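Trainee: Can we go through this model together? I'd like to start with how the angles are defined.

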Amino acid sequence: MMPTLQFIDASKTFGDGHNTIKALKPTTFSANEGELIAIIGPSGSGKSTFLTIAGGLQTASEGDVLINGRSLKNMREKELAQVRLQDIGFILQASNLVPFLTVDKQFSLLDRVKQHNMSPEERTHLFQTLGIEHLLQQLPNDLSGGERQRVAIAKALYTKPAILLADEPTASLDSDRAFEVMSLLQKQTKLQNNTTIVVTHDTRLIPYFDKVFKMTDGVLKQEN
Amino acid sequence: MFLAWNEIKQNKLRFILISSVLLLIAYLVFFLSGLVNGLANMNREAVDKWQADAIILTDESDKSLPQSILSTDDVSQVKNANHLAPIAQINAIASRVSDEDTRQGVAIFAVQPDDFIAPNITDGHMFGRKGDVVAADYLKSEGFKVGDKVKLSSSDKYVTIVGFTDHARFNAAPVLYTSFETMQQIKGLPIESDPLVNAVVVQSENISTIKVPTSLEVVETETFIEKLPGYAAQNITLTLMIAFLIVISSVIIAIFLYVLTVQKASMFGVLKAQGISNAYLARSVVAQTFILTVVGVALGFALTWLTGAFLPYKVPVQFDILSMLIYALIFIIVAILGAVFSVLSIFKIDPLKAIGG
């Protein structure tokens, strides 16, 4: 089985000359369908760099990254955008909602820009699971932080991406809701058979993950 | 269009204000263009009404009607024109005998009542007797009416208004049409002498075939109008004002749209991070600009017409729908170019920075 996401000696260096910072040391990593993976580590350790390279938002300085077997190395921005649109779903710390679109229209926008096969029944089920079915006519500004994050998660899952990348998805949620969200991500990962990678500080969530990696000073190591 | 329209619907006040700015700029340009037409028309409408192809003047006159004096012999030598109409002109100050305070600068034209340049009558009747004149109907708003005895500054004779005609202003002065006999009388010349003619107005399919004595020249109607005192200078000045206004408003609109787009940079960045293409976002910005500009310009158009309907008779504004449509089109094109310019800023947005990476 081909891994969904592969890092092959991929590293990221910022700056040049004496002022170079190696944010991600040469990393080899692979993730398969149906896996829920945690990346933990202190702030500034390189977790976000790893996540943004995995999401095609920046490219590795050396080595290569493959998504469904396709190398991102020499892709132009237009091709990377296409990969992000078709294969990747993002859940960001700051909610990624369009401020002037109602919750319902956030999904209409996705219907317009991306081909997907979410049936109306699946859609209703997704909204019910995330508890957002009563929020469809609300604008993002009318939602609480937790509601916004749940809508953002629904948005990321809506198009059934092969890879779901989440940067602190539970940061703005209370404990009960955080566990609920993790439980949902776990369920959806198995149901949609995608790869979900979550960057988190919250070690209470570790039991939900299939694999846990720790990032320290740009070095990624799998935990037991 | 989806993003564009939904943003407008959710932020009505902001977009009403933006459209209002476009409305006011369009209104100003439309109104100025109306003023250009109106002022131009004040100079030329009598000549336009003749529907003449050319005017024959003396070579020495520098295409000025009062400076050109033709003899009867000169007129008889003009060949190959379909229609010829001799004309004499003099300027004067006219005032009603019953109320000498009603002074009004006029251009007096002597024409033959059966020539193609003779005035059509909208009120009263055509001049027939000595001393009869047909006046431009603009004089009605100055209190002149059929039957009024009028004193002319250049003469000790009186004339009587026997009728009115429309669209009869020349070089910004209302026209009094009269016979050559009356003109001789006004000028203090003996009626029996050959009438003095300033020019011959011509209708001809091909003016290049018209034969005239060497002392005369055939001047195309448009050239004759361009040479009217002050006409070209006034037109160039006002047209330049409109051109500068369009250039300045184009820059304002472009800056406006740029700021509007830059304000949404983080939102565009997040959408780009999600893989939504530059092209989709660019189309959205351009569509939004198109909607705002069309609404603003259309309302500017309507407001201009509404203003025109309530303006006093004396305000020299005349709206020409074709030139207004051209200006409207220029506005829409300029705004879209401004939007395209602002779209370049979308292309430069780094989605990584926008999501705080």
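Mentor: Angles here run from 0 to 180 degrees between N-to-C directions, and the axes are lines fitted to C-alpha atoms, for helices over the stretch in contact. Keep in mind that this is a predicted model.

Trainee: OK. At what angle does helix α5 of chain A run to β6(A)?

Mentor: About 175 degrees. Helix α5, residues 145–158 of chain A, lies across β6 and β7, the latter being 163–167.

Trainee: And the sheet in chain A, what is the strand order?

Mentor: The order is β6-β7-β8-β3-β9-β10, an open sheet of 6 strands with mixed pairing. From one strand to the next, the twist averages 20 degrees.

Trainee: How do β3 and β9 of chain A run, parallel or antiparallel?

Mentor: Parallel, with 4 bridges joining β3 (residues 36–40) to β9 (residues 211–216) in chain A.

Trainee: Which residue in β9(A) does A:Ala38 stand opposite?

Mentor: A:Val212.

Trainee: Switching to chain B. What are the domains?

Mentor: The domain assignment gives domain 1 of chain B as 2–43 + 232–354, and domain 2 as 47–223.

Trainee: How many residues does the contact take from each?

Mentor: It takes 4 residues from domain 1 of chain B and 4 residues from domain 2 of chain B. On the domain 1 side, those that touch domain 2 of chain B are 2 nonpolar, 1 polar and 1 charged.

Trainee: How far apart are the C-alpha centres of the two domains of chain B?

Mentor: The centres of domain 1 and domain 2 of chain B lie 47 Å apart.

Key. Residues are numbered from 1 along each chain as its sequence is written. Chains are lettered from A and ligands numbered from 1 in the order in which they are written. This is a predicted model: local features need pLDDT of at least 70, side-chain atom pairs count only at pLDDT 80 or more; totals for chains, interfaces and linings use all residues. Two strands pair if DSSP finds at least two bridges between them. Helices (H or I, at least four residues) and strands (E, at least two) are DSSP runs, numbered from the N terminus. Two residues are in contact if their C-beta atoms, placed from the backbone, lie within 7 Å. Domain bounds come from an automatic or database domain assignment. Ala, Val, Leu, Ile, Met, Phe, Trp, Tyr, Cys and Pro count as nonpolar, Asp, Glu, Lys and Arg as charged, and the others, Gly among them, as polar.
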